[in-house]
Amino acid sequence: QMVLSEKVSQLMEWASKRSVIRMNGDKFRRLVKAPPRNYSVIVMFTALQPHRQCVVCKQADEEYQILANSWRYSSAFTNKIFFAMVDFDEGSDVFQMLNMNSAPTFINFPAKGKPKRGDTYELQVRGFAAEQLARWVADRTDVNIRVIRPPNYAGPLMLGLLLAVIGGLVYLRGSNLDFLYNKTGWAFAALCFVLAMTSGQMWNHIRGPPYAHKNPHTGQVNYIHGSSQAQFVAETHIVLLFNGGVTLGMVLLHEAATSDMDVGKRKIMCIAGIGLVVLFFSWLLSVFRSKYHGYPYRF
């Protein structure tokens, strides 16, 4: 059995080379499970091999690496906490020992005692964004990590491209800027923004949830989260589509009532508008009922 100083020295040596220490069953039992230990270990249990087809595992691993690197290269670096990873194909015995049947899963193994309920990260509720993981680590270990992300130039480049396009349009049509007063264009842009915000895009940006969830036993993929406290990215896209369908139906109804077209075309628009509203609003209520169990109304 390794003495405490040997354990800490070994972990510090590995952490100096790689922020996230890869562990197999032997390393996990010696350095995480076996006493003595005066340090906490945050372990991500995952399945990164391509044949496992775990897309969420890869996304969570990227955020986990950002968190660990932020800890490694900051003043928060200490020998009181370490970040580790156990891949199913390298440590299936660890998964069996912990009766674990899903991935990814984050567990904090505290310096004293066994992991409690709060030491298992609520991935489905909080998402796997590095900032959310950092808050959970601070709650469980009192180690505050300021997440530092690698520079992302996609945003500034897109903004520059947009400004260049707008500038080009103004230059080419300097003598005729009537398009800036086009109510339909501005209405369409505002509508797209509203639909994106009401579907939950900002929540996704803050929480960083997985795109969908695949049941490891049955292989069934769930695109709608079963709780009202969380959502998947795919769920956002579905709600966006349903809201867009209802909106299109309402626009058709408005045009059918106010346009100068012949009566036959207006009737067709009216029927199409009613059909879109009924169909997509019904689907929207179905999603709502699946998340808020016991909701009594349906359409």
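1. Pro36 sits in the loop between helix 2 and strand 2 (40-46), where helices (H or I, at least four residues) and strands (E, at least two) are DSSP runs numbered from the N terminus. A cis peptide bond, with omega about 0°, joins Pro35 and Pro36.

2. On the basis of the model: this is a predicted structure, in which local features need pLDDT of at least 70 and side-chain atom pairs count only at pLDDT 80 or more, whereas totals for chains, interfaces and linings use all residues. Residues are numbered from 1 along each chain as its sequence is written, and side-chain values use heavy atoms, with hydrogens and water left out.

3. The loop between helix 4 and strand 4 (105-109) holds Pro104, which is joined to Ala103 by a cis peptide bond with omega about 0°. Asn99 also has its place in the loop between helix 4 and strand 4, and this residue has a positive phi of about 55° although it is not a glycine. As background, most residues other than glycine have a negative phi, and most peptide bonds are trans.

4. What does a search of the whole structure find in the way of salt bridges? There are nine, a salt bridge being a side-chain nitrogen of Lys or Arg within 4 Å of a carboxyl oxygen of Asp or Glu. Arg29 forms one with Asp93, the closest N and O atoms being 3.0 Å apart; this pair links distant parts of the chain, since Arg29 belongs to helix 2 (residues 25-33) and Asp93 to helix 4 (residues 92-97), 64 residues apart.

5. The chain is divided into domain 1 (4-141) and domain 2 (182-291), with bounds that come from an automatic or database domain assignment. The C-alpha centres of domain 1 and domain 2 lie 39 Å apart, and the contact (heavy atoms within 4.5 Å) takes twelve residues from domain 1 and 16 residues from domain 2.

6. Between domain 1 and domain 2 an area of about 1,000 Å² is buried, 49% of it given by carbon and sulfur atoms; buried area is the accessible area (1.4 Å probe) that two parts lose on being put together, summed over both. Asn101, Gln124 and Val125 supply 45% of the area that domain 1 buries against domain 2, more than any other three residues.

7. The count of salt bridges between domain 1 and domain 2 is zero. On the side of domain 1 that touches domain 2, the elements giving two or more residues are helix 3 (55-72) and helix 5 (123-126), and helix 5 gives the most, with three residues.

8. The UniProt annotation "transmembrane region", from an unreviewed entry, covers residues 153-172, 184-203, 238-256 and 268-288; its positions are given in the numbering used here, feature names are shortened, and annotations may be inferred rather than shown by experiment. In the model, residues 238-256 are 100% helix and 0% strand, with end C-alpha atoms 27 Å apart, and residues 268-288 are likewise 100% helix and 0% strand, with end C-alpha atoms 30 Å apart.
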